[in-house]
Amino acid sequence: MYTFSNRLKIGSIILMAIGLLGIGIGFVAVPSTAAEAKAMVAAHDDGHGESHADDASHGATADHSASEGHGASHDEHLLHQLQNRPWAALYVAAFFFFMISLGVLAFYGIQRAAQAGWSPLLFRVMEGITAYLVPGGIIVFAILLLSTLHMNHLFTWMDADVVAEDELLQNKAGYLNTTFFLIRAAVFLGGWILYREISRKLSIAQDKSDDDSNFKKNFRWSVGFLVFYLVSESIMSWDWIMSVDPHWFSTLFGWYIFASMIVSGVTVIAMVTIYLKTKGYLPDVNDSHIHDLAKFMFGFSIFWTYLWFAQFMLIWYANIPEEVTYFVTRIEDYNLPFFGMVVMNFVFPLLLLMNSDYKRVNWFVIMAGIVILAGHYLDVFNMIMPATVGDQWYIGLPEIGAVLFFAGAFMFWVFRALTHAPLQPTRNPFIEESRHFHY
Amino acid sequence: MADTIIHAYYDDDDVLMHAVKRVKAKKLHIEEVYCPFPVHGLDKAMGLEPTRIAITSFMYGCLGLTVAIVMMKFIMIDDWPMDIGGKPSFSYIENMPAFVPVMFELTVFFAAHLMVITFYLRSRLWPFKEAENPDPRTTDDHFIMEIEVHNNEDELKDLLLDTGAVELNIIKNNH
């Protein structure tokens, strides 16, 4: 049995405390009036350069200082962006850590459905990580609920005034309305958590039973879950992420989010496994298991890049205004994070993990994993921020605070869940194969 | 080459693996093992050096990438400038996304084909080449372990029979 070491526990609580402080400062520092917002940006402009003066959506239409009315609405818009910033920072980090555990759940479901022989030794690690689905899912749901209650302006389509002037949004209202949105979120979260709890129960029961019936039931539940997940994950990505840009759409968006999710998930499995192994747990996990996880990290990083580029190239090639605006804002206002994440998520793992031997060197896998996780945080950042805070982004206290808080909560919950059951399953029918797994 | 070599026949890959390990444990040199199919882990048991084909594959991939970059530059920008996606910039860097699929495909194409050709050259294989395996049964259901004899014929025979060889064949080389 694993015991949650005090150092790790205190470390995660400290992370949460510092994070909470950062989030709190972010919310307090928000301007409450348009004039205040204008003054904040003006004070900031020395460092930031031209910033919003040539903002694509406003500068292109007219010289905004020319008419009094337009100038006022611009300041109002700026106020909303600044007010959104702590919310968006919170949402990005909350979703990112939730996404890790959902990615692990999908990976776990695939291992179960494929009856993989190499991975059963890692099942308890995966089950520990998916335990975070419950708190993580509740937090994400709470943020979405607060958005529907107009506590923030993350989703412009929730604003009745905006919809009243927007024919496209009126046509989408049958799908994009707050009631249906919350129902979908609740159904998806409920389904994922239900599968996680059932599979975990069957997995534990299998250790104590004297036949394979629990294992077979787990197989059936996993196949069912994968079908549900395939549809629900795609719709979730439209609802929770794509709809922050309610005019824009991409047909492979669900896959794109899935790629981010699964590569982050596999990376965290590898990191937790290596951590537990260095602490003397998981004695039967050998280099070949780490090698296989690193292969998945490498492969899914390439897969992510493939989807990232496929989405970009088609839109770039067709050059339709309503589509390219998505990439124009990212390349103009988010140049460094946008291209930086491609380096972190593609070039770095490509070069670092290509060599077969490096995939077995634990500290190499950890280093690559840290860069991959940071890269995929930036990926989520790039998906949410342009539509919510525009060019007023910055990775400062609210962003870092939110990441630290959720990192601490994630660690606390995951390692607490790992103490609940023996770290190595004993009666899984493939456990011997997994023990002797050898590349 | 020694005057005498011994061919030990096996009819199971697990038995063969154990035999190889026992022969290596006696510090004897195994010339070659002929198999009807690849046996996982045999190269490590025989103490063969790891393959270097992965390194050639990487170099061929880089070559393919370079060829694609230069080729697309010449075809689409220099020789006959093309208006790509309604953006007549005629600049390589601005049209680069359109060439990425070509770069990817040629990288894979060069790496795969040149790697196969390298493998054939290195194994001295070409069309209509006479087969080198000593017994056609090694293409069906038998494995042969080939060991040179250096005045230890009886000892070697005992050892090989003990490891489960189903047949021994001693070949004298009379130049």
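Tutor: Let us begin with I100(A), which counts as buried because it has 31 C-beta neighbours inside 10 Å. The model is a predicted one, in which local features need pLDDT of at least 70, side-chain atom pairs count only at pLDDT 80 or more, and totals for chains, interfaces and linings use all residues. Residues are numbered from 1 along each chain as its sequence is written, while chains are lettered from A and ligands numbered from 1 in the order in which they are written.

Student: What makes I100(A) buried?

Tutor: A residue is buried if 20 or more other C-beta atoms, placed from the backbone, lie within 10 Å of its own, exposed if 12 or fewer, and partly exposed in between. I100(A) has 31 such neighbours, so the term buried applies.

Student: Where does I100(A) lie, and which residues does I100(A) touch?

Tutor: I100(A) belongs to helix 4 (residues 68–113) of chain A. Helices (H or I, at least four residues) and strands (E, at least two) are DSSP runs, numbered from the N terminus. Leaving aside residues up to four places away in sequence, I100(A) touches S264(A), G265(A) and V268(A); contact requires C-beta atoms, placed from the backbone, within 7 Å.

Student: Why is N152(A) called buried?

Tutor: N152(A) has 20 other C-beta atoms within 10 Å, and the term therefore applies. This residue sits in the loop between helix 6 (133–148) and helix 7 (160–164) of chain A. Not counting residues up to four places away in sequence, N152(A) is in contact with N84(A), W87(A), L146(A) and S147(A).

Student: How do you know that the length of helix 6 of chain A is close to the expected one?

Tutor: The expected span is 1.5 Å times one less than the number of residues. Helix 6 of chain A has 16 residues and reaches 22 Å from its first C-alpha to its last, close to the expected 22 Å. After this helix comes H150(A), with a positive phi near 65°.

Student: Which residues of helix 6 of chain A are buried?

Tutor: They are L133(A), G136(A), G137(A), I139(A), V140(A), L144(A) and S147(A). They cover an arc of only 160° around the axis, which means that they lie on the same side of helix 6 of chain A. The arc is that of the directions from the helix axis to the C-beta atoms.

Student: What makes strand 2 and strand 4 of chain B edge strands?

Tutor: In chain B, four strands form an open antiparallel sheet in the order 2-3-1-4. Strand 2 (30–34) and strand 4 (167–172) each have a single partner strand, so one side of each is left without a neighbour in the sheet. Neighbouring strands are turned by 20° against each other on average, direction ignored; axes are lines fitted to C-alpha atoms, for helices over the stretch in contact, and angles run from 0 to 180 degrees between N-to-C directions.

Student: How do you know that strand 1 and strand 4 of chain B pair?

Tutor: Pairing requires that DSSP find at least two bridges between two strands. Strand 1 (residues 4–10) and strand 4 of chain B have six, in the antiparallel sense. For instance, T4(B) stands opposite K172(B), and Y9(B) opposite E167(B). Seven bridges join strand 1 to strand 3 of chain B, with A8(B) and M145(B) as bridge partners. Strand 2 and strand 3 of chain B are paired over four bridges, where Y34(B) has I144(B) as its partner.

Student: Why is strand 4 of chain B called hardly covered?

Tutor: The count of buried residues among the six residues of strand 4 of chain B is zero.

Student: What makes F90(B) partly exposed, and why is F128(B) called exposed?

Tutor: F90(B) has 14 other C-beta atoms within 10 Å and is therefore partly exposed. F128(B) has 4 such atoms within 10 Å, so the term exposed applies. F90(B) lies in the loop between helix 3 (53–79) and helix 4 (96–122) of chain B, and F128(B) in the loop between helix 4 and strand 3 of chain B. Phi is positive in F90(B), near 50°, and in F128(B), about 65°.

Definitions and conventions:
Two residues are in contact if their C-beta atoms, placed from the backbone, lie within 7 Å.
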